[in-house]
Amino acid sequence: MATTTLQTSPLVSVIIPAYKVASFIRETLDSVLGQTFSDYEIIVINDGSPDTEELEKRLEAYTDLITYIQQPNQGAGAARNAGLRIARGEFVAFLDGDDLWLPEFLTEQLALINGGGGCDLVYADAVNLDGARLKRTTNMDFNPSDGPVTAESLISGKCRVITSSVVARRRCILDAGLFDDNFPNSQDFDLWLRLAKQGARLNYQKKVLVHRRIYEGSLASNPIKSFAGEISVLEKTSNRPDLTEEERSAILRTLDLRRAAVEVLRGKQRLSAGEFDSALSAFCNANAHYHSLKLRLVMFGLQIAPRLLQKVYRLRAA
């Protein structure tokens, strides 16, 4: 499929990285084309996807409506950077190739970013879409955003940005140095932190404007990778010389918490796989942080009746 470029001067550039999303891309694009706001361009970046043939077949109906570029696989950060480099909008909006916007998304987010003296980046709430079924709880129900968005609130998890809900001023992101494509994931978290540290004004609304798709194989379905990505970003951020004492303390607390969470998840995986000794080790590492009666009971069960505990865990997981 040849690269297509539209000759317009949009207010917003919609940047959509595409990797293994051929079965979802039409629905994603239709959610953009169904916006109540229409002054935008759409840039789709095929990041060396193994389903390129199917992806391009599904994009044929949108040839005159999108800018399509293809690159070797380098990750979501590099794909978004490729879109940012050719974007012409004053604002950029990020949308993963398997997520959906509600029709008022751009209208609502542009009103927020331009209102109250103006912001540099805004985000919104989302609900997870599991197949064709929407979850009852929203992302902010279990990952709330409370208070001002600062480097400290991002580090501590008081404010958590959903990338498919972001609208930002392109110039601010260019000035911050784009996404760090050395990170296989959480490169968005790294960028939000750098923006906050350089004085960008970040804000959010608690209105659901995005449907975020969760399925086997998606990054959002793998919490170990997500936490590991956050840990790598926090370790990088800890080397900044301009951190305040509050930010440095928040990094240490959050690193401890994320590492413990990874150990719990690894313990569960190893318990399910019958790797009882390594499961016990992982739960012991986690409990050094949590000091949890529940974890102590799990560790006791692993020592006296590991196969019974495995059976109970598998039944509960099912």
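The largest nonpolar core of this predicted model has 46 residues. Those with the most contacts inside this core are Phe94, Tyr123, Leu154, Ile173, Trp192 and Leu195. Helix α8 gives the most to the core, with 6 residues. A second, separate core has 36 residues, including Leu55, Phe91, Leu106 and Val167. In soluble globular proteins, nonpolar side chains tend to be buried together.

**Confidence**

The protein chain has a mean pLDDT of 93, with 95% of its residues at 70 or more. Over residues 1-6, the pLDDT is below 50. Beyond near neighbours in sequence, that stretch has 18 contacts in the model.

**Aromatic cluster**

A search of the whole structure finds 4 aromatic pairs. A pair of aromatic rings is described by the distance of the centres and the angle of the planes. Two of the pairs involve Phe179 and are listed here.

| Pair | Centre to centre | Angle between planes | Class |
|---|---|---|---|
| Phe94 and Phe179 | 5.4 Å | 80° | edge-to-face |
| Phe179 and Trp192 | 6.1 Å | 75° | edge-to-face |

The pair of Phe94 and Phe179 links distant parts of the chain, 85 residues apart. Phe94 is in strand β4 (residues 91-94), while Phe179 is in the loop between α7 (170-176) and α8 (187-197). Phe94, Phe179 and Trp192 form one aromatic cluster. Phe94 and Phe179 are buried, and Trp192 is buried as well.

The charged end of Arg80 sits over the ring of Phe179, 5.5 Å from the ring centre. Trp192, leaving aside its neighbours within four places in sequence, is in contact with Phe94, Leu121, Leu154, Val161, Thr163, Val166, Phe179 and Leu202. Phe94, Leu154 and Trp192 are also among the residues with the most contacts inside the largest core.

**Backbone with positive phi**

Most residues other than glycine have a negative phi, and most peptide bonds are trans. Leu178 is not a glycine, yet has a positive phi of about 65°. Leu178 is placed in the loop between α7 and α8. Its relative accessibility is 10%, so Leu178 counts as buried. Lys20, also not a glycine, has a positive phi of about 55°. The place of Lys20 is in the loop between β1 (12-18) and α1 (25-33).

Helix α10 covers residues 245-272, a run of 28 residues. From its first C-alpha to its last, α10 reaches 41 Å, close to the 40 Å expected at 1.5 Å a residue.

Val32 is in helix α1. With a relative accessible area of 0%, Val32 is buried. Leaving aside its neighbours within four places in sequence, Val32 is in contact with Val14, Ile16, Tyr40, Ile42, Leu95 and Trp101. The C-alpha atoms of Val32 and Glu230 are separated by 29 Å, and the two residues are 198 residues apart along the chain.

Conventions. Residues are numbered from 1 along each chain as its sequence is written. Side-chain values use heavy atoms; hydrogens and water are left out. pLDDT is the predictor's confidence in each residue, from 0 to 100. Contact means heavy atoms within 4.5 Å. Rings of Phe, Tyr and Trp (its six-membered ring) pair if their centres lie within 6.5 Å; planes under 30 degrees apart count as stacked, over 60 as edge-to-face and the rest as tilted. Helices (H or I, at least four residues) and strands (E, at least two) are DSSP runs, numbered from the N terminus. Buried means under 20% relative accessible area, exposed over 50%, partly exposed in between (1.4 Å probe, protein chains only). A charge sits over a ring if NZ of Lys or CZ of Arg is within 6 Å of the ring centre and within 35 degrees of the ring normal. The expected span of a helix is 1.5 Å times one less than its number of residues. A nonpolar core is a set of buried Ala, Val, Leu, Ile, Met, Phe, Trp, Tyr and Cys residues joined through side-chain atoms within 4.5 Å.
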